[in-house]
Amino acid sequence: MSETTPELTTPGLATAHEPSGRPQLVDTQSLVFWLFVAVVAFSGLHLFHWVTANPLVAPAIAWLAIVQWAIYAGIFLVVVYRHQLFVKRPLSLTFAAMAWGGVVAMWFSIEADQVLESIFTQVISPEWNDGWGLAVSGATNEEILKALGLVVLVLLPLARVKSSLDGLYYGMMVGLGFQLVEDYTYTVGQSTTTDEVLGFLYLRGLVAGLWAHAVYTGIVGFGIGYLVTRRDRPMAARIGVAVGLFAFAWTMHFVWDSPILVDWGERSSPAFYTTILLKGVPALVVLLVILRWGRGHERTDWNEFVEQHIDPSLVPADDRTSLLDHGGRKAARRAARASGGRSAGRVRKHLQVAQLRYVQSVMEEGADSERAQALAADIRELQSWARAVGEPAR
């Protein structure tokens with residue numbers, strides 16, 4: 001496939017852009033890729049030995065924990081992956097980010113936390129370490145090590161981190177990987193019955209998991225993505241956003257582990273849930289705010305790209321407007337069902353998916369690529385079906 005795309009001849013379109021290439025993990029020419037592989041393999045071997053070193057864990061407990069956290073991970077992935085607005089990030093990079101969090105960051109944080117807490121015990125006091133050492137070491141070591149996973153992805157040439165939302169997405173995946181392995185180790189280390197295993201799923205997966213590592217590292221990842229991609233902003237502003245978001249995530253992590261807000265009352269009591277909300281909700285709110293902020297910028301860029309570089313017969317103006325958010329897409333499908341029945345609604349949904357994939361393909365590979373041409377043919381066929389089932393022309 002050629003590196004450049006010939007000029008588009010459709011009237012009203014700008015000269016075709018330079019395709020960026022499809023993001024991918026494997027790059028045998030990159031030293032960073034081989035360092036990533038080596039560090040994951042090294043950490044994985046040590047972590048496996050550490051996890052399996054306890055002979056008292058019953059096989060039934062271990063397998064139930066694996067199954068329940070795998071289901072939890074699958075649900076989390078489906079929810080986050082389906083809610084990407086314009087760009088579907090590759091699963092290879094998604095799992096690579098999870099591997100860094102669950103293997104590399106997890107293993108090195110275990111070692112680093114022990115070293116730092118030992119220093120606190122000797123230099124300050126054992127009592128201070130019991131109250132504050134875990135909070136300082138956990139927030140510091142874990143957030144830095146997880147953030148390094150984002151730095152590695154940025155340095156991988158073919159990963160192509162191109163937006164703040166790329167950083168947020170991959171940051172959430174790094175955090176999810178860390179969270180899953182940490183939750184598994186707590187589950188098998190402190191459970192003797194299946195009820196206790198399920199109890200960890202409730203407490204660590206639902207009560208605490210909604211605003212834990214995936215949220216912290218998503219916030220940090222957004223800052224790193226903003227720093228390296230928003231070249232339209234002054235460097236000082238980009239550094240300020242990245243440092244500020246890291247400091248916020250560190251603070252939220254520190255507060256969660258510290259004795260500042262102890263868990264009032266017995267578990268399942270209103271006071272207990274109150275402390276959980278006070279510790280967790282601010283981080284989730286900030287994640288949602290920066291997600292909305294990032295989507296606004298992404299929406300503007302996408303809309304301008306489609307207007308300038310995409311054949312309007314493939315993505316007409318009305319379709320482009322309806323594709324700008326999830327609400328508009330649902331409204332377009334409801335309108336299709338109202339005019340042409342359920343079949344028209346299904347066709348409209350398939351057409352929207354094809355249009356979004358086509359635009360992404362043109363961005364990454366160019367309009368003359370085999371993939372883009374195949375998607376363009378799909379769009380024209382779906383448009384014909386839409387007319388056939390009675391959907392009004394758009």
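Okay, let me start with a working definition: a charge sits over a ring if NZ of Lys or CZ of Arg is within 6 Å of the ring centre and within 35 degrees of the ring normal. By that rule, the charged end of lysine 279 sits over the ring of tryptophan 256, at 5.7 Å from the ring's centre. We have another case in lysine 146, which lies over the face of phenylalanine 178, with 5.5 Å to the ring centre. Keep in mind that this is a predicted model.

So, the overall picture. The protein chain is built from 13 helices and has 0 strands. It has 394 residues, and buried ones make up 47% of them. If you put a box around the C-alpha atoms along the principal axes, you get roughly 75 × 45 × 40 Å. And take the contacts between residues at least 6 apart in sequence: 76% of those join residues at least 24 apart.

Back to the rings. How many aromatic pairs does a search of the whole structure find? The search gives 12. Let me pick out one of them, phenylalanine 222 with tryptophan 293: the ring centres are 5.6 Å apart and the planes are at 40°, so we call that pair tilted. The pair links distant parts of the chain, because phenylalanine 222 belongs to helix α7 (residues 213–229) and tryptophan 293 to helix α9 (residues 270–309), 71 residues apart. Is phenylalanine 222 buried or exposed? Its relative accessibility is 1%, so phenylalanine 222 counts as buried. Tryptophan 293, on the other hand, is partly exposed, with a relative accessible area of 42%.

Next, helix packing. Two packed helices are described by the angle between their axes and the distance between the axes. Helix α12 (residues 342–365) packs with helix α13 (residues 370–388) at about 160°, and the axes are 9 Å apart. That makes the two, α12 and α13, roughly antiparallel. As for handedness, α12 and α13 have a left-handed crossing. The contact residues on the α12 side include Leu351, Ala354, Tyr358 and Val362, and on the α13 side they include Leu375, Ile379, Leu382 and Trp385.

Now, α12 also meets α9. Here the axes of α9 and α12 come within 11 Å and cross at roughly 80°. Angles of 65 to 115 degrees count as roughly perpendicular, and that is therefore how α9 and α12 are placed to each other. On the α9 side you'll see Trp302, Phe305 and Val306, which meet Leu356, Val359, Val362 and Met363 in α12. Val362 is named in the α13 contact too.

Last stop, two individual residues. Threonine 94 is in helix α3 (residues 91–123), and at 0% relative accessibility threonine 94 counts as buried. Which residues does threonine 94 touch, leaving aside its neighbours within four places in sequence? Those are Leu77, Arg89, Tyr169, Tyr170 and Met173.

Then there's lysine 162, in the loop between α4 (126–155) and α5 (164–190). Lysine 162 is partly exposed, at 44% relative accessible area. Again setting aside neighbours within four places in sequence, lysine 162 is in contact with Ser20, Thr229 and Glu364. Glu364 is another of the α12 residues in the contact with α13. And if you go from lysine 162 to valine 32, that's 130 residues in sequence and 18 Å in space, C-alpha to C-alpha.

Notes. Residues are numbered from 1 along each chain as its sequence is written. This is a predicted model: local features need pLDDT of at least 70, side-chain atom pairs count only at pLDDT 80 or more; totals for chains, interfaces and linings use all residues. Side-chain values use heavy atoms; hydrogens and water are left out. Rings of Phe, Tyr and Trp (its six-membered ring) pair if their centres lie within 6.5 Å; planes under 30 degrees apart count as stacked, over 60 as edge-to-face and the rest as tilted. Helices (H or I, at least four residues) and strands (E, at least two) are DSSP runs, numbered from the N terminus. Buried means under 20% relative accessible area, exposed over 50%, partly exposed in between (1.4 Å probe, protein chains only). Axes are lines fitted to C-alpha atoms, for helices over the stretch in contact, and angles run from 0 to 180 degrees between N-to-C directions. Angles under 35 degrees count as roughly parallel, over 145 as roughly antiparallel, 65 to 115 as roughly perpendicular and the rest as oblique. A crossing is left-handed if the near helix is turned anticlockwise from the far one by less than a right angle, and right-handed if clockwise. Contact means heavy atoms within 4.5 Å.
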